[in-house]
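Have the structure open and follow along.

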Amino acid sequence: MKIELTQAEALVLHDLLYRISDGTEAIKDLAEYYVLWTIECQLERELVIPGADDYSEFIEQARDTVRNNY
């Protein structure tokens with residue numbers, strides 16, 4: 001899967017993720033919401049699972065996989 005971001009979106013996302021990981025204030029600007037929504041929309045176009053009836057099972061398995069592979 002490939003997620004495409006503009007240079008500005010990438011910079012906004014980077015700054016947001018840095019603040020989240022730093023433990024400081026999370027969302028500072030509406031532009032950060034726009035970037036997150038852009039990523040969410042791109043993921044939804046690629047993933048069939050979010051609309052599935054058994055989504056909770058899929059997400060739990062995905063979380064387990066990420067934790068186990070980290």
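Which residues in α2 are buried? Keep in mind that this is a predicted model, then look for Glu-32, Val-35, Ile-39 and Gln-42: these are the buried ones in α2. Part of what covers them is α1 (7-22).

As for the helix itself, α2 takes in residues 30-46, and its 17 residues should span 24 Å at 1.5 Å a residue. The C-alpha atoms at its ends are 25 Å apart, which agrees.

Now for the charged side chains. Opposite charges on side chains can pair up when the charged atoms come close. The count here is four salt bridges. One of them joins Arg-19 and Glu-32, at 2.9 Å from N to O. Arg-19 sits in α1 and Glu-32 in α2, so this pair ties together parts 13 residues apart in sequence. Arg-19 counts as buried at 5% relative accessibility, and Glu-32 does too, at 6%.

Over in α3 (residues 55-69), Arg-63 and Glu-60 are three residues apart, about one helical turn, and their side chains meet at 3.9 Å, N to O. Asp-64 and Arg-67 have that three-residue spacing in α3 as well, with a salt bridge at 2.3 Å. Glu-60, Arg-63, Asp-64 and Arg-67 are linked in a salt-bridge network. Of these, Arg-67 is exposed at 52%, while Asp-64 is partly exposed at 31%.

Note on methods: Residues are numbered from 1 along each chain as its sequence is written. This is a predicted model: local features need pLDDT of at least 70, side-chain atom pairs count only at pLDDT 80 or more; totals for chains, interfaces and linings use all residues. Side-chain values use heavy atoms; hydrogens and water are left out. Helices (H or I, at least four residues) and strands (E, at least two) are DSSP runs, numbered from the N terminus. The expected span of a helix is 1.5 Å times one less than its number of residues. Buried means under 20% relative accessible area, exposed over 50%, partly exposed in between (1.4 Å probe, protein chains only). Contact means heavy atoms within 4.5 Å.
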